[in-house]
Amino acid sequence: MKKMVSLLLAAVLAAGTLSACKKNDPEPAESSQPEPEQIYQDGDYPVSYTVPALDRTMDFITLSIKDGQIEISDYGCREDNSVPADSANEGSTSSDAALPSVPETASSEAASSEAAASGHEGATEYEMKALLQMDEIVDEFNAVGHDVEKMELIEGTDEHFYRFQRMVREALEAAKTGDTQEIKLGKYADGDYEAVMPEFNAAGWKEYIRLTVKDSQITDIEFNATKQDDSSVLITEDPEQNPQGQSDTPADYYPAIAQSFTEAGEDLNNLTAPTNGTAAFKAFSKLMKPLLASMISGGEKNIVAPMYVDGTYKAQMKEFDEYGWKDYIVLNIKNDQVTIEEYDAFSQADETKLKSQDSELASSMKEKSGTDPAAASKQLIDNFEKAGGDPYTMDSVAGATVSSNTFRLMVAQILSTSAVEGDTENTLEIEPFPAAEL
């Protein structure tokens with residue numbers, strides 16, 4: 001993959017830089033179309049969960065409608081004391097981790113103080129943490145004009161955010177008929193779901209997950225992959241992928257990964273990658289995360305997984321250049337949008353010294369090429385954004401050809417490897433272009 005990216009980039013670099021009539025009709029007559037009838041009926045529509053989130057709290061809201069105006073008149077999270085307290089600490093606290101996430105717990109004293117300050121007197125420590133998340137979620141709902149489809153995920157609120165979306169959706173559905181009876185919700189929204197990868201992988205396979213939710217529980221789950229040149233061929237049934245007499249083949253680890261998800265309580269944080277099939281395991285996690293979000297929120301049934309895994313990624317050149325500098329780049333990805341956070345180089349003699357801060361080098365480079373490291377870095381980031389995040393078509397910076405090529409190479413390598421797999425832990429080491437290709 002890395003070699004392929006390097007060759008493609010080299011070809012791009014070798015090719016050079018890419019550079020009403022109005023009709024005078026009479027005023028229309030007043031429309032004779034009838035006024036659209038009101039979609040929702042006035043009333044109070046309560047919705048609550050009967051099963052706790054991983055933080056042992058059960059969400060509830062009351063959505064009120066009057067004269068077509070929507071508001072959340074009541075909301076909260078009640079602690080479920082039937083759930084052992086220790087179980088609420090078993091998940092992840094990060095919104096970047098696999099769903100669902102669990103908020104950190106506070107001490108009773110701190111929770112009481114926080115509850116009083118926020119107007120949630122009497123809340124337990126678990127309820128307090130969940131209520132503070134709900135405050136933010138309701139604020140977001142109000143900010144987008146009570147349109148649940150326009151809400152953006154708030155960091156650290158994953159499970160409660162998606163539960164809130166589902167409660168609103170269920171309440172609005174009830175409001176169409178004026179049914180004000182309280183709605184009780186289970187873990188997931190019923191239905192048949194499918195999530196597929198956005199592209200075939202390098203080996204020519206595209207993974208998918210299909211599952212059924214009935215009575216709020218997953219009843220069937222299938223994890224497999226289809227072949228690029230023949231979609232009727234599954235990787236678990238392909239003789240070439242599953243030689244007779246050989247173990248740990250796709251026929252073994254694809255269904256095993258799906259089974260381990262069920263055995264782990266449907267919590268991706270508790271899954272362990274198999275000895276063989278690491279790539280399949282990563283694909284399963286990448287597919288299941290948005291699928292879980294949709295199942296919890298009552299959203300889309302057919303999902304195409306994002307191209308990249310959200311997170312912050314770093315790459316650096318493997319060797320210092322002839323002048324003693326090693327280029328590095330840091331980029332962030334959210335919802336497939338790539339943002340360059342930093343592009344610079346550090347010194348071989350002193351790794352705390354950055355190229356952009358070397359005034360002597362800046363003066364010398366400015367005199368020779370008309371630019372300097374800091375200005376070139378900023379311009380490269382601007383060019384990347386103007387190219388829509390495409391390192392292959394972005395413009396170079398005059399006077400900084402080598403830096404332009406290095407920038408392209410590092411971004412392309414991250415997007416083709418680390419960002420696809422979600423490897424935010426390791427810094428990607430990049431081999432430089434051969435001198436003849438620069």
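## A buried pair

Both D59 and R163 are buried, where buried means under 20% relative accessible area, exposed means over 50%, and partly exposed lies in between (1.4 Å probe, protein chains only). Before going on, note that this is a predicted model, in which local features need pLDDT of at least 70, side-chain atom pairs count only at pLDDT 80 or more, and totals for chains, interfaces and linings use all residues. Residues are numbered from 1 along each chain as its sequence is written, and side-chain values use heavy atoms, with hydrogens and water left out.

Keep D59 and R163 selected and show their side chains. D59 forms a salt bridge with R163, and the closest N and O atoms are 3.0 Å apart. A salt bridge is a side-chain nitrogen of Lys or Arg within 4 Å of a carboxyl oxygen of Asp or Glu. D59 lies in strand β2 (residues 57–66) and R163 in helix α4 (residues 158–175), so the pair ties together parts that are 104 residues apart in sequence. Helices (H or I, at least four residues) and strands (E, at least two) are DSSP runs, numbered from the N terminus.

## Other salt bridges

How many salt bridges are there by this rule? The count comes to 11. Side chains of opposite charge can pair when their charged atoms come close.

Select K353 and D358. These two form a salt bridge, with the closest N and O atoms 3.4 Å apart. K353 is partly exposed, at a relative accessible area of 38%, whereas D358 counts as buried at 12%.

Next, select K378 and D382. Their salt bridge has its closest N and O atoms 3.3 Å apart. Both belong to helix α8 (residues 373–386), and because they are 4 residues apart there, about one helical turn separates them. D382 is partly exposed, with a relative accessible area of 24%, while K378 counts as exposed at 54%.

## Helices α3 and α4

The axes of α3 and α4 come within 10 Å and cross at roughly 55°. Axes are lines fitted to C-alpha atoms, for helices over the stretch in contact, and angles run from 0 to 180 degrees between N-to-C directions. That angle makes α3 oblique to α4; angles under 35 degrees count as roughly parallel, over 145 as roughly antiparallel, 65 to 115 as roughly perpendicular and the rest as oblique.

Now show the side chains between them. From α3, the contact uses A130, Q133, M134, I137, V138 and F141, and from α4, H160, F161, F164, M167 and V168. Contact means heavy atoms within 4.5 Å.

## Helices α5 and α6

Select helix α5 (residues 250–263) and helix α6 (residues 278–297). They pack at an angle of about 40°, with their axes 10 Å apart. That makes α5 oblique to α6.

Which residues of α5 and α6 meet? Y253, Y254, I257, A258 and F261 in α5 meet A280, F281, F284, M288 and L292 in α6.

Finish in the loop between α5 and α6, where E266 is placed. Is E266 buried or exposed? E266 is buried, with a relative accessible area of 11%.
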